[in-house]
Each structure stands twice: as structure tokens, then as C-alpha cells.
Amino acid sequence: MRLTAIALRALFAFLFLLLILRVSGKRTIGQSTPIDFLAALILGDLIDDPLWGEVSAAQFVVAVGVLMMAHLLTAIGSTVSPLVGRVVHGVPVELVRDGNLRRDGMRRERVNEQELTALLREKAIEDEREVRTATLESSGKLGVLQRNWAREAQKQDLERVREARQ
Amino acid sequence: VKAPWILLASLIAVLGLLAGVVFGLDDRTVLVPPPEAVVESFVRKLEMGRYELATDHLSEAAKQQIDAATLQRLTEALEQETGPIQDVSGEPGTMNHDQAQASATLELPDQRTAHLRFSLKREHGLWRIHGLGDLAAGAAS
């Protein structure tokens, strides 16, 4: 297979995907929700075929176009309708509240205690008692809010101490 | 909500550009699969037993004469002669405006190889297999 043809196809695929990603927004790159992840996954697989000349550029454009259009319309649908949003993205699940493990949420998301501890350690939290809420977000990432006494001291805390002393 | 319309307009513009390159500039190997890629894909489908899908690579005229059952019969006859096909790679051949020839190199047991030549024809900008050549003649070389 001629190398110049491969180079031209690669250049075309790169420029086309760049255009599509710029037009359809930054969400796909962020992979912050299941549909973004799904779109990125399929997009990653689709690029292979036109590069080696297995499908025509037009077939590639139509496949990517339909995928991105579906992604965009789903994203718009979930913004407009909370119901569509829940169906597409799922709902965040609380795993810790006020220092106590939420076993129901952990069972639902199939997260065991060791995994939860590891996820909290990634957030520099050693003990779940420090946690006000730990929520498994739709993105699969753990969102953590610490209890007031466990939070690192801020500048405003120092000011409060000063005021109390006076 | 503007984004879907911008996306749709971009897609139409890119498809228009592609049509211009393929039909206007007569691109036959860059933005459309070249003859050797078509031949490779066709033989891979035969090797995997996906005869119905393989007929998609045939030209309109060839489709009138060759159906999935014919492809199955020819492939089975070939494999009886050569042994099971282990891998396929397309090799470029000659190209003359809307006609081309390309071959598939078959990797066979005991490090043997065989070649199948096919003739192709361009339809609607895409290369299609017009004649089964060696496969129909039962003469892999």
C-alpha cells in the first residue's frame, strides 16, 4: 500500500476529527459521562478503517457524523429533560454520609470497603469519619465533601481564630 | 440550540468536498479504498465464510451472475485444493482509468503461498470486483 496514500488518509482523518470535536464541543474529550465515554470509544475504533483504506472516506464521515449527531442530540435531550438525563447518565450514588458507610449504595454500585478506602485515599482522606458525603458520580469518579473539622485550615479560619482571641 | 445545525452543515460540507475530490479530481486510491484493499477485504470475507457480505464488493453486473452460494462453492473448492487460508494480503496490480487488476496473496499451511488475481471496475467512485479471475478458474497460482 502506497505510503503517500496512508499519509494523506491520516491527515484527512485527523483534520476531520478535529473539526468534528471542535464543532460538537469539549464534552467528548472530557469523557465525563457514559455517553461521552461511549462516543470516544466508538470514535477510537472507527479511525482504524479509513486509515488503511478499508472503507471510503465518505463512509467514515457518515459513520462519525451519525455517531456525533446522536451524541449531541442525547446530550441536548438530557439537558432539556431531567428524565432523559437520569436515563442517559444515571444518578449519583452516595457511598458515605456523615462518616458512615452507605451499604445500600455500595451494594448497588458493587464497591467494597477496600475499594472505597482506596478511592478516599486518592483524595488524601485516611478515615471515612472525615467525610460528610462521598458520592459516586455518573462519570465513575468519587466526589467527596469533607466534614468541617476535617478540612484543611484556610486563611479565613485563621482570621476567625484571631477574631475569637480579640 | 445551534450546535446540531453547525455539525450537520460541517458534515455536508465535508461530504461535498470528498465528492469533489473523488469525482472532480478523479481520486481512485486515497479517499476511496484502493483495488488491493477491496480484494483483500473480499477474500478475508470468503475465508471467514461471510459470503453474503462478500457480495457487497461485487460490481452490479457481477452480482447478477454471482451469488453467495456461488462464492461458497468456489471458496470451498479453492480450500480443498490449497488447504485452509491462514492470512490474506492485497497486492496492487495495474490500473487504467476505471479498470484495475489486483491480487490477493494467501498464506497457507507449511509456509506456502498462493495468489489470486481479480479484475475490478469503478462504480459510483468505488472499486468493485468485476471478475473473479483465478478464483472462478480454480487456479490459484
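A residue counts as buried when its relative accessible area is under 20%, as exposed when that area is over 50%, and as partly exposed in between. The model described here is a predicted one.

**Fold of chain B**

- Chain B contains 6 helices and 4 strands.
- Read along the sequence, these elements follow the pattern α-α-α-α-α-β-β-β-β-α.
- The C-alpha trace of chain B spans about 60 × 35 × 30 Å along its principal axes.
- Chain B has 141 residues, of which 47% count as buried.
- Among contacts in chain B between residues at least 6 apart in sequence, 49% join residues at least 24 apart.

**Aromatic pairs**

- Over all chains, the structure holds 3 aromatic pairs.
- In one of them, the rings of A:Phe12 and A:Phe16 have centres 6.0 Å apart and planes at 5°, so this pair is stacked. The angle falls under the limit of 30 degrees that applies to stacked rings.
- Both A:Phe12 and A:Phe16 belong to helix α1 of chain A, which covers residues 3-24. They are 4 residues apart, about one turn of the helix.
- The rings of B:Phe42 and B:Phe118 have centres 5.6 Å apart and planes at 85°, so they form an edge-to-face pair. Here the angle is over 60 degrees, the limit for that arrangement.
- B:Phe42 lies in helix α2 (residues 35-47) of chain B and B:Phe118 in strand β3 (residues 112-123) of chain B, so their pairing ties together parts that are 76 residues apart in sequence.
- Both B:Phe42 and B:Phe118 are buried.
- In chain A, ring pairs also link A:Phe12, A:Phe16 and A:Phe60 into a cluster.

**Salt bridges**

- Side chains of opposite charge can pair when their charged atoms come close.
- The count of salt bridges over all chains is 11.
- A:Glu94 takes part in a salt bridge with A:Arg97, at an N to O distance of 2.8 Å. A:Glu94 also meets A:Arg102 in a salt bridge, at 2.7 Å from N to O.
- A:Glu94 has a relative accessible area of 19% and is therefore buried.
- In chain B, the closest N and O atoms of the salt bridge between B:Arg122 and B:Asp26 are 2.5 Å apart.
- This pair links distant parts of the chain, since B:Arg122 lies in strand β3 of chain B and B:Asp26 in the loop between α1 and α2 of chain B, 96 residues apart.
- B:Arg122 is buried, with a relative accessible area of 13%, whereas B:Asp26 counts as partly exposed at 28%.
- Salt bridges with shared partners join A:Glu94, A:Arg97, A:Arg102 and A:Asp104 into one network.

**Interface between chain B and chain A**

- The size of an interface is often given as the accessible area lost when the parts come together.
- Between chain B and chain A, the buried area is about 1,900 Å², and carbon and sulfur atoms give 81% of it.
- In chain B, the residues that lose the most area to chain A are B:Leu7, B:Leu11 and B:Val30, which together account for 28% of what that side buries.
- In terms of contacts, 20 residues of chain B touch 25 residues of chain A.
- Across this interface the rule finds 0 salt bridges, while 3 residue pairs are in polar contact, with both residues at pLDDT 80 or more.
- On the side of chain B that touches chain A, the elements giving two or more residues are α1 (3-24) and α2 of chain B. The largest share, 10 residues, comes from α1(B).
- The residues on this side of chain B divide into 17 nonpolar, 2 polar and 1 charged.

Technical notes
Residues are numbered from 1 along each chain as its sequence is written. Chains are lettered from A and ligands numbered from 1 in the order in which they are written. This is a predicted model: local features need pLDDT of at least 70, side-chain atom pairs count only at pLDDT 80 or more; totals for chains, interfaces and linings use all residues. Side-chain values use heavy atoms; hydrogens and water are left out. Rings of Phe, Tyr and Trp (its six-membered ring) pair if their centres lie within 6.5 Å; planes under 30 degrees apart count as stacked, over 60 as edge-to-face and the rest as tilted. Buried means under 20% relative accessible area, exposed over 50%, partly exposed in between (1.4 Å probe, protein chains only). Contact means heavy atoms within 4.5 Å. Buried area is the accessible area (1.4 Å probe) that two parts lose on being put together, summed over both. A salt bridge is a side-chain nitrogen of Lys or Arg within 4 Å of a carboxyl oxygen of Asp or Glu. A polar contact is a pair of N or O atoms within 3.5 Å; within protein, one must be able to donate a hydrogen and the other to accept it, and residues adjacent in sequence count only if both atoms are side-chain atoms. Ala, Val, Leu, Ile, Met, Phe, Trp, Tyr, Cys and Pro count as nonpolar, Asp, Glu, Lys and Arg as charged, and the others, Gly among them, as polar.
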